[in-house]
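Welcome! Please take a look at the sequence and the 3D view below, and then we will walk through them together.

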Amino acid sequence: DVVEKDQGFLFKFCVAGKGRYVANYHFFKDDHTYALLDENFKVINKGGTFPVYESSDKEKSITKSMVFQGRMFYNNKRNQGGMFYSQCRGFDLFKVKGDSIQIIRSELLNKPLYKVVGQPGDVIFSKENENGYLAVDCSDDYIYALYSGKSLAATNNNLMEIYHSNKVHVF
């Protein structure tokens with residue numbers, strides 16, 4: 001087992017160079033959102049926290065982990081990366097410096113609309129929830145993020161329409 005069972009589990013990861021990875025990680029005992037991992041996927045350090053808004057402090061970290069998943073990227077030349085959220089318009093940009101992950105910019109422009117059904121982490125998104133970023137990539141100079149901004153309600157429950165977009169945000 002490459003991920004330490006007592007710490008948490010990872011959702012997605014990206015290569016951070018030199019045999020290291022940055023992961024969107026769920027920690028059992030705290031609200032950190034990212035882990036810097038070594039070549040064996042052992043946690044070196046933690047960084048970042050979940051977006052804060054009026055109802056988010058009441059949620060368990062597993063619920064926040066499920067809500068704030070997204071698309072990750074990493075630029076080895078700049079030692080910077082980030083995650084653009086899939087279920088809302090928001091993102092984190094981070095820098096890996098030594099053995100630490102430092103958030104350099106974080107934005108949440110609309111709150112995800114969801115409810116917990118059953119256990120913490122069992123999340124259902126509202127049909128009015130605006131979907132966020134569909135894909136992300138970067139060059140040495142820019143970040144390109146394909147944005148949906150559509151909800152199931154606005155597309156008459158047409159899931160394919162949500163994923164059809166030509167809105168590219170450049171950072």
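Let us begin with one residue. E107 counts as partly exposed because its relative accessibility is 23%; buried means under 20% relative accessible area, exposed over 50%, and partly exposed in between, with a 1.4 Å probe and protein chains only. The side chain of E107 meets that of R105 in a salt bridge, 2.5 Å from N to O. Here a salt bridge is a side-chain nitrogen of Lys or Arg within 4 Å of a carboxyl oxygen of Asp or Glu.

Before going further, a word on the model. It is predicted, so local features need pLDDT of at least 70 and side-chain atom pairs count only at pLDDT 80 or more, while totals for chains, interfaces and linings use all residues. Residues are numbered from 1 along each chain as its sequence is written, and side-chain values use heavy atoms, with hydrogens and water left out.

**Salt bridges**

How many salt bridges does the structure hold? There are six, and the table lists some of them.

| Salt bridge | N to O distance |
|---|---|
| D99 and R20 | 2.7 Å |
| D140 and K77 | 3.6 Å |
| R105 and E107 | 2.5 Å |

Strands (E, at least two residues) and helices (H or I, at least four) are DSSP runs, numbered from the N terminus. D99 is partly exposed, with a relative accessible area of 46%, whereas R20 is buried at 18%.

K77 is exposed, with a relative accessible area of 65%; D140 is partly exposed, at 38%.

**Inside the protein**

The largest nonpolar core has 18 residues, and V22, Y34, F68, M72, Y74, F94 and I101 have the most contacts inside it. Such a core is a set of buried Ala, Val, Leu, Ile, Met, Phe, Trp, Tyr and Cys residues joined through side-chain atoms within 4.5 Å. Strand 3 (32-37), strand 5 (70-75), strand 6 (80-85) and strand 7 (90-97) each supply at least two residues of this core. Apart from it lies another core of nine residues, including F84, L93, Y133 and A145.

L93 lies in strand 7 and counts as buried, since its relative accessibility is 12%. Leaving aside neighbours within four places in sequence, L93 is in contact (heavy atoms within 4.5 Å) with residues including F73, F84, I103 and I143.

**The surface and the whole**

Y142, Y144, V168 and V170 form a nonpolar patch on the surface, with about 380 Å² of accessible area together. In such a patch, nonpolar side chains (Val, Leu, Ile, Met, Phe, Trp, Tyr) are joined within 5 Å, and each residue has over 30% relative accessible area and no salt bridge. Y144 is found in strand 12 (residues 143-147).

Stepping back, the protein has two helices and 13 strands. Of its 171 residues, 44% count as buried. Its C-alpha trace spans about 45 × 40 × 30 Å along the principal axes.

How values were computed:
Patches are made of residues with over 30% relative accessible area and no salt bridge: like charges are joined within 9 Å, nonpolar side chains (Val, Leu, Ile, Met, Phe, Trp, Tyr) within 5 Å. Accessible areas come from the Shrake-Rupley method with a 1.4 Å probe; for residues, only the protein chains shown count as cover.
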